[in-house]
Amino acid sequence: MNAPVDVSFFARAAKPLTSYRPYWAKRFGTAPFLPMSRAEMEQLGWDSCDVVLVTGDAYIDHPSFGMAVIGRTLEAQGFRVGIIAQPDWQSAEPFKALGKPNLFWGITAGNMDSMINRYTADRKIRSDDAYTPGDVAGKRPDRAAIVYSQRCREAYKDVPIVLGGIEGSLRRIAHYDYWSDKVRRSIVVDSKCDLLLYGNAERALVEVAHRIAAREPVENITDVRGTAFVRRTTPEGWFEIDSSSVDLPGRVDEHINPYQTTSEQAAGQGGSCSKEDAAVPVAAGAVAESAAGQKDAKTAGTTHALTFVPNPAVQGKHKGPPRERSVIRLPSYEQVKSDPVLYAHANRVMHLETNPGNARAMVQAHGEGATARDVWLNPPPIPLTTAEMDHIFDLPYARNPHPRYADERGRHDGATKIPAWEMIRFSINIMRGCFGGCTFCSITEHEGRIIQSRSEDSIIREIEDIRDKVQGFTGTISDLGGPTANMYRLGCRTPEIEAACRKPSCVYPGICQNLTTNHDPLIQIYRRGRAIKGVKKILIGSGLRYDLAIQSPEYVKELVQHHVGGYLKIAPEHTESGPLTKMMKPGIGNYDKFKTLFEKYTAEAGKKQFLIPYFIAAHPGTSDEDMMNLAIWLKKNGFRADQVQAFYPSPMASATAMYHTGKNPLRKVTRDSEEVPIVRGEKRRRLHKAFLRYHDPNNWPLLREALKAMGRADLIGNGKHHLIPTFQPLTDGGYQSARRTNSTPGKPQKGRLLTQHTGLPPRVTGAAKPGARKPRP
């Protein structure tokens, strides 16, 4: 990659969050909780709110909850912010509870997509909601962002609507909707919002808020990164690149092959992506090679092939239009709705334009004739600096649910307990973003693949805050992590390479040679954290990227010997190459290497600790044979899956595009490009899940039928080498959790398997004699 680097990433310096002049209402000071009622507003001395935030979650004033972060960020800028949490959406009246916002509405469906929150992967309605007091389901509508926008417009129709959150981020262009099994329009069109902020929106939100406060019409705010909106025509001065068809010829950027390493791609172009090699220009090296070849030819009397090199006099004269003034026209909503190939093509183009350093604007037409309008997407936001991340996480969060949810004792641990808060109550986010690029995950599409890390001091301050301020703290920090446990302060060796790169993953098919894998900063945080007075234990609850961890054995040793509470969850996802290539996940060999290190350092510490591997059933690219081989691997390694994770097609994910279209958007999409086998229908999805739970007698009839059809009846029998037995016990259709069976006091019976989710033998507690069993309730 010795071509000139596009430095549009640095063309416009991002304005620091703390550099804005505070709004006049800053004089009111900081609220203990952002108000949820008129009475609370009056106590603060407010007559109105500048911004009213509407969310589908209960309001928890904690930096792990988006509305709290957005609200406190706006408050730090001087704005008066109120929150309407989980309103009754049947009418507009609940949306008038805090009065008319002076500036705009801020709307989100919550920390989770409202459809994923309510429905299982089998489209069945969930009976609970972890973001609601009492774990009660049904407190938010389907597609909550759209419904809330409609009600806000009914309440005060002239107040601008700014939409955000993960539901908005993942629906910013026309997208496949798994629950209705059809392609839906961009949420910008369906919600009729004035502006959509996608991704981590603090930078865009602060700029938009100050511009609206300065009386700039919201329809004129069209130049903020990380925003999407509707416009009728492409403005003058922009170069439109037509990418609305896979068949039209024309100049396009070279397609990125995610199945090649960065160095292989560079070598294919006659260059190098290594910082060290880049010191010698390719052209100069080629000239020297050609001259040497001619000299040898003269002396030896032989013929050598000529080496052609670029002419420096004309290099750079045939560049495309400038990225900062280029917009890519995606296939229209009507096209992607009716043509799966164009849908896969649009999904691929969108993923190639996600790096803030080189991404271009995109536009997608919706409607025809008089109703035609374009959804315009500006490039992604510039990531926050470490100082800005510290600013966000150092804001005065109460770290508790709003007092409205407390019981008669003023507590939140009884009937009004909010499970999502309980889970993160003593945990700390140390970073954002993920460069893994797993196709089934939407973290990259929302948070980006550039890691945004907090400073060590900021993290330590938060640990001390939890120790001193959070009720019920017993000395254990439940997690130091984020989207992953061990990407803290990792990234490209140079900002120039980072700004030019367009690969969807930095760790697939192998770890990029330009990626730093130094875990020393993370080790230092672990050591400082557990040395704090009053902190007894720091656990790591976030998912570990084990292919990165094995690059730093010292980190694995630190983790295993000090920060594992008996179990460590990791996610190989599968053992077979077919599904793994469609997931962009490493081979199972990396798991084996990590397992070796894990067991070595566990033994050195004199502990009994176990890995908990997680797997996905029914992922695109998975055959019945793949699932059978995974089941054989599970039995061979002594794992029983207590719960099964089936592939869930979330909007915008690359794997969802595979599921909908049968095409692979990781490669160039054409009419005859690679077809991806898809697991469709309830019976096949049930079969794939049954292979993961091969030990459940209720699954044995289905598995016997499938194994016979696959010609693998040899796996049916009553020996240890068989997968399932020939006999069928009486069952009631239910399933006795292997966790309960294997977690009774005493030692495990000989030959008994461990569960996937406990991964532990029965604990010796002293409560019963060895071998004694508790009666089942």
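**View A. Contacts of Thr484 in the predicted model.** Leaving aside neighbours within four places in sequence, Thr484 is in contact (heavy atoms within 4.5 Å) with Met431, Cys434, Ser542 and Gly543. Thr484 sits in the loop between strand E17 (479-481) and helix H16 (495-500). Helices and strands are DSSP runs, numbered from the N terminus (H or I, at least four residues, for helices; E, at least two, for strands). At 7% relative accessibility, Thr484 counts as buried. Buried means under 20% relative accessible area, exposed over 50%, and partly exposed in between (1.4 Å probe, protein chains only). This is a predicted model, where local features need pLDDT of at least 70, side-chain atom pairs count only at pLDDT 80 or more, and totals for chains, interfaces and linings use all residues. Residues are numbered from 1 along each chain as its sequence is written, and side-chain values use heavy atoms, without hydrogens or water.

**View B. Cysteines listed by UniProt as "binding site".** The unreviewed entry lists Cys434, Cys438 and Cys441 under this heading. UniProt positions follow the numbering used here, feature names are shortened, and annotations may be inferred rather than shown by experiment. Cys434 lies in the loop between strand E14 (431-432) and helix H14 (443-447). The loop between E14 and H14 also holds Cys441. Cys434 is buried, at 10% relative accessible area. Cys441 is partly exposed, at 24%. Beyond residues up to four places away in sequence, Cys434 touches Ile443, Thr444, Gly448, Arg449, Ile451, Pro483, Thr484 and Met487. Thr484, the residue of the opening view, has Cys434 among its contacts.

**View C. Cysteine sulfurs without disulfides.** A search of the whole structure finds zero disulfides (a pair of cysteine sulfur atoms within 2.5 Å). Cys441 is in no disulfide. The cysteine sulfur nearest to that of Cys441 belongs to Cys438, 6.3 Å away. Elsewhere in the chain, Cys193 is buried, with a relative accessible area of 9%.

**View D. Helix H12, largely enclosed.** Helix H12 spans residues 386-393. Six of its eight residues are buried, so the rest of the structure largely encloses the helix. The buried residues are Glu388, Met389, Asp390, His391, Ile392 and Phe393. These residues pack against helices H2 (66-76), H7 (202-213) and H15 (456-469). They also pack against strands E13 (427-429), E14 and E15 (452-453).

**View E. Strand E11 and its two partners.** Strand E11 covers residues 361-366. Six of its six residues are buried, leaving the strand mostly covered. Ala361, Val363 and Ala365 point one way. Met362, Gln364 and His366 point the other way. Strands count as paired if DSSP finds at least two bridges between them. On the parallel side of the account, three bridges join E11 to strand E10 (residues 326-329). Here Ile328 has Met362 of E11 as its bridge partner. E11 and strand E12 (residues 373-377) run antiparallel, joined by five bridges. Ala365 stands opposite Asp374 in E12. E11 and E12 form a hairpin with six residues between them. In the turn, Gly367 has a positive phi of about 90°.

View F. Two bridges link E20 (residues 610-617) to E22 in the parallel sense. Ile616 has Gln645 of E22 as its bridge partner.

**View G. The whole chain, with 26 helices and 23 strands.** Of its 777 residues, 55% count as buried. Among contacts with a separation of 6 or more, 76% come from residues 24 or more positions apart. The accessible surface is about 33700 Å² (Shrake-Rupley method, 1.4 Å probe; for residues, only the protein chains shown count as cover). Carbon and sulfur atoms account for 52% of that surface.
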